[in-house]
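These are my notebook entries on a structure I looked up. I record each point in the order in which I examined it.

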Amino acid sequence: MATMPEYDELDATAMAELVRAGSAHPRELVEAAIERAEERDPHLNALVHRQFDRAREDATRVDGDAPFPGVPFLLKDYAGWEAGEPYRMGVRTLRDVDFRPSTDSAYARRARAGGFIPMGRTNTPELAVMGTTEPQLWGPTHNPWSPGRSAGGSSGGSAAAVASRVVPVAHANDISGSIRIPAAMCGVVGLKPTRGRVVTSGPDAPIGMVCEGVVTRSVRDTAAVVTWLSHRSPWWPAPGWDEALAATAPHRPLRIGVCTDAFNGADVEIECAAAATRAGEVLAGLGHHVDRSAPAAYAADELWDLAKVALSVAAATEAAAWRARIGHPLGEADLEPRTWAMVQAGRAVGAVELYATLERMQELARDAFAWWDEFDVLVTPTTAAPASVHGEYLSKYVSGLGSAFTRPVNVTGQPAVSVPFGWPGDGLPRGVQLVGRYGDDQLLVSVAAALEVAEPWVHR
């Protein structure tokens, strides 16, 4: 690369330090990101919108006092919208009408206030409802480790762009594993924060399963960026949210449970299980107390059934919201058959059933929380299988292999992070998920940092 040959080796924290020290200018970072996008994205299909000219202009007026001055960034094409820029969510109709919001989302405003320079938007499945990024509108995003395989979903475009060093950090969100699954499959770090910690683009309601966040290359980036994006939610307040997350090792011996059995009963691939087992062994070697254990509530059939109802209602609500924006809700003629089936299922749920569903989900969350009276952290595989070949999602992942370990944590609202801790001979990364008690994002970041130091992955 003619511009900043060291760019590939820098995380967002390092880039920000160079800018503040005067050793690099935001224009250099932006040009380096553009060069890599133009070279690498044709092999990835991670970007569905490029705003390179705007990014070049943004680089001329960066606030040097911001935490990430001039650092290139990508927004997922689901939430995080920006005024005047195309917003499609993988939906053909929104592409055809060239829908462009008139206002910025709260997430995009916060990202820009941090000094980040958005370079464009990343690919996502339609309405972000699938665990793989293969929308009919844009086609599949390729896994950087094995083109022709899935990058995961629904934040697959973001994870692929970060893994391939186009940008050091990118927007992601998670309603059933959509930060953690692509992080695992692309070999990057993905934290689903505690519900309510990170500013959301839509209503900050106490009943939702969705969380906003980022995917990054390093634990210190995850800690720093999530700290910047955090706010004190009126719905889900938690102590310590005003304090910065720090990528430092835990200061005391922890009680850690390890589970390699899928919570929904799916078969678990041997290397995925081995990655979690290995993480437990490393943590035991660091002086922590490790046992085979997990919350029984995570494996309750009722939890999985109720989550499916809630997810279908979320899809139906998203589809209906477009009446106010384009004059009609998204219907059968606008959506892929799989998405439309979810929307129909959600429309069939009445108010009384939905209220009962959400109430029971909270009761099951309280049941799960009781496990943390005896333990500090849960360690599992992030996914039950590695990245699948494109086109296999319906036969392989719809059965729950993708979200087999992730979905219960969206029901409970707890924090969970996926770190790339498995690197078998097939060349595909495997992720390890760490789950903490509600509000204790700092402890998860600390354990992730300890694993990163014990067996580093950033150089890969």
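Entry 1, the cores. I note at the outset that the model is predicted. I looked up the largest nonpolar core, which has 82 residues. Within this core, Met 119, Val 167, Val 379, Val 419 and Leu 434 touch the most other members. I then found another core lying apart from it, with 28 residues, including Cys 259, Phe 263, Phe 375 and Val 411.

I listed the contacts of Val 379, leaving aside neighbours within four places in sequence. They are Ile 256, Gly 257, Val 258, Cys 259, Ala 276, Ala 279, Leu 283, Val 432, Gln 433 and Leu 434.

I located Thr 406 in the loop between helix 14 (393–401) and helix 15 (407–412). Is Thr 406 buried or exposed? Its relative accessibility is 0%, so Thr 406 counts as buried, the cut-off being under 20%. Not counting residues up to four places away in sequence, Thr 406 touches Ser 176, Gly 177, Arg 180, Ile 181, Thr 382 and Gln 433.

I looked up how helix 10 (residues 301–321) packs with helix 12 (residues 337–347): the angle is about 100° and the axes are 7 Å apart. Helix 10 and helix 12 are therefore roughly perpendicular to each other, since angles of 65 to 115 degrees count as such. Helix 10 contributes Leu 311, Ser 312, Val 313, Ala 315, Ala 316 and Ala 319 to the contact, and helix 12 contributes Met 342, Val 343, Ala 345, Gly 346 and Arg 347. I recorded the residues of this contact as 8 nonpolar, 2 polar and 1 charged.

How values were computed
Residues numbered from 1 in each chain as written. Predicted model: local features only at pLDDT ≥ 70, side-chain atom pairs only at ≥ 80, totals over all residues. Heavy atoms only, no water. Axes fitted to C-alpha atoms, helices over the stretch in contact; angles between N-to-C directions. Helix = DSSP H or I, 4+ residues; strand = E, 2+ residues; numbered from the N terminus. Parallel < 35°, antiparallel > 145°, perpendicular 65-115°, else oblique. Contact = heavy atoms within 4.5 Å. Nonpolar A, V, L, I, M, F, W, Y, C, P; charged D, E, K, R; others polar. Core = buried A, V, L, I, M, F, W, Y, C linked by side-chain atoms within 4.5 Å. Buried < 20%, exposed > 50% of the residue type's maximum accessible area, 1.4 Å probe, protein only.
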